[in-house]
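Could you walk me through this one?

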Amino acid sequence: MTDFTELLIADRGQTARAIHLVDKDGFAGWVKKRPAEDRALLEANRFDGKTGFEFVLLPRGDQFEVVSAVKDSTTLSPWCLAKLSERLPDGTYRLAEGQPGPAALGWLLAQHRFEDYRSKKDEPERGARVLITVEAARIEETVRLAQATALVRDLVNTPAADLGPAQLEDAVREVAKTAGARLRVTRDGELAEGYPLIAAVGGAATDERAPRLIEFEWGKPADPRVAIVGKGVCFDSGGLDLKPAAGMRLMKKDMGGAAHALALASLIIGSRLPVHLHLLIPAVENAVSGNAYRPGDIVKSRKGTFVEIDNTDAEGRLILADALTRAVEGKPELIVDFATLTGAARVALGPDLPAFFANTDGLAAAVEQAARATQDAVWRMPLWEAYDEMLKSDIADFANASNSPMAGCITAGLFLKKFVPDDVEWAHLDTYAWRDAAKPGRPKGGEALGLRAVFATLSDRYSKD
Ligand code: BES
Ligand code: ZN
Ligand code: ZN
């Protein structure tokens, strides 16, 4: 992975090219104070501070300064330096006025590429664009956020053939190892016995891609216990209720929830947040074979309730149900799960806004506040109990899907809610984990959405300082 630590460094008076960030309100005042050569060049470039992400180089002997338009130079967005980071020549830079703050993240991520599958690189090998900051105390956290985001992107981008349940287990083991935590992996007979829903969904996969529950714990048992759960469907064909081609095309990303959960765990560990963390990743491939679970099958969940399979494509909630049950057994005070759970969440909110659900208004308010503070938007949806009847089954306790096309992300949330007692605070994020169109610092492909918001929620809640 990109070495982000080289790209953001503390200011020790190094020589660096200056970057001026101006917005449309401040531009007229700013430009008046510039030398006549600058003014002439800016005018020739028709640079007026309004042009979004455009920038101009101002010559200084054999060097140059940079001026770039941003939406609001007093509240920088995480992405307002991303285009500069991508396009500027290699070298060292510092902001001429103010500090990068949240924009340092975009500076870092703009230099991350997923090129494992290119025999020829897109661009010739280049050196680094280094940003200097006086906010030395923020460097480590910014680097960790960049690493966590890149981890989500890379895991999601990796094709399903190369990222099955076993490779997802390897990725979790890697984080556990740096944390000094021991991995627990439940498979085969023990999985069938203890986690019948995970075993049922993963039952059609080949032996090398066998289903499993991957877990580790980290932190002091005396600290508040927090469980993080992520949907790890390494490929979602839909099972026997097979998805149509267009719907299946992106389903390598159906482990995006697991990638978010793992990245969140790495942030918690990296910042040594005083919590007792329990990470749970149910990892399966939703495949098709003679062993596949079927519509109409009834599976007894770990919790003991009987679930009728209405549709084998509603598999994520099934594996999460058994993982949530396991999480609850540890008596956490808070559970957060991430999942690429429903197409309905995307119909409702589009690609960029994860739907989030919370079983207390206090937790919901905390997540909304953190989402604003980190500029990582999420949108609360209701756990509208009256829709629970959409999950009724003729012969079992309930079904895994409703036959109504309406409120799909709510009924999915209500299904999960059956496995979380009311006295345990719980948030559920139904995220796309994908970006369909590239933006500066954010290539098309796997994406972390809701990760910074949830990490900030936990930091605010548990940080000692
Ligand atoms: N992984 C999909 C959800 C999904 C689809 C997320 C497209 C993002 C983009 C999930 O397993 C699924 O197939 N859900 C079904 C549920 C339905 C069968 C009740 C859906 O949303 O259509
Ligand atoms: Zn599915
Ligand atoms: Zn799925």
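Is V288 buried, partly exposed or exposed? V288 has a relative accessibility of 44%, so it counts as partly exposed (buried is under 20% relative accessible area, exposed over 50%, partly exposed in between, with a 1.4 Å probe and protein chains only).

Some ground rules. This is a predicted model, where local features need pLDDT of at least 70 and side-chain atom pairs count only at pLDDT 80 or more, while totals for chains, interfaces and linings use all residues. Residues are numbered from 1 along each chain as its sequence is written, chains are lettered from A and ligands numbered from 1 in the order in which they are written, and side-chain values use heavy atoms, with hydrogens and water left out.

**The surface patch**

V288 sits in the loop between β11 (276-286) and β12 (298-300). Helices and strands here are DSSP runs numbered from the N terminus (H or I of at least four residues for helices, E of at least two for strands). Together with L240 and L242, V288 makes a nonpolar patch on the surface, with about 260 Å² of accessible area in total. Patch members have over 30% relative accessible area and no salt bridge; like charges are joined within 9 Å, and nonpolar side chains (Val, Leu, Ile, Met, Phe, Trp, Tyr) within 5 Å. A salt bridge is a side-chain nitrogen of Lys or Arg within 4 Å of a carboxyl oxygen of Asp or Glu. The areas come from the Shrake-Rupley method with a 1.4 Å probe, and for residues only the protein chains shown count as cover.

Donors are N, O and S atoms within 2.8 Å of the metal (3.2 Å for Na, K and Ca), and since water is not among the atoms, sites may look incomplete.

| Ion | Protein donors | Distances |
|---|---|---|
| zinc ion (ligand 2) | D236 (OD), D313 (O), D313 (OD), E315 (OE) | 2.0 to 2.2 Å |
| zinc ion (ligand 3) | K231 (NZ), D236 (OD), D254 (OD), E315 (OE) | 1.9 to 2.4 Å |

What is the geometry at the zinc ion (ligand 3)? Its 6 donor atoms make angles of 77 to 173 degrees, and the site is octahedral. The zinc ion (ligand 2) has 6 donor atoms too, but with angles of 71 to 168 degrees its site is irregular. For the labels, four donors are tetrahedral if all angles lie between 85 and 135 degrees; four are square planar and six octahedral if opposite donors are over 155 degrees apart and all others between 65 and 115; anything else is irregular.

Along the chain, the donors of the zinc ion (ligand 3) are spaced K-x4-D-x17-D-x60-E, and those of the zinc ion (ligand 2) follow D-x76-D-x1-E. The two ions are 3.2 Å apart, with D236 coordinating both. D236, in strand β10 (residues 232-236), and E315, in the loop between β13 (306-308) and α11 (316-329), are 79 residues apart, so to speak a link between distant parts of the chain. D236 and E315 are both buried.

**Strands**

Strand β8 (residues 212-218) has 6 of its 7 residues buried, so the rest of the structure largely encloses it. Strands pair if DSSP finds at least two bridges between them. β8 runs antiparallel to β11, with 7 bridges joining them; R212 faces A283 in β11. Strand β7 (residues 184-186) also pairs with β8, in the antiparallel sense over 3 bridges, and R184 has E215 in β8 as its bridge partner.

Elsewhere, an open sheet of 3 strands has the order β12-β13-β17, with mixed pairing. β12 and β17 (398-399) are at its edges with a single partner strand each, so one side of each has no neighbour in the sheet.

**Loop residues to look at**

K331 is not a glycine, yet has a positive phi of about 55 degrees. K331 belongs to the loop between α11 and β14 (334-339) and is exposed, at 70% relative accessible area. Q375, again not a glycine, has a positive phi of about 50 degrees. Its loop runs between α13 (361-374) and β16 (379-380), and Q375 is partly exposed at 37%. A433, in the loop between β18 (425-430) and β19 (434-435), is buried at 0% relative accessibility.
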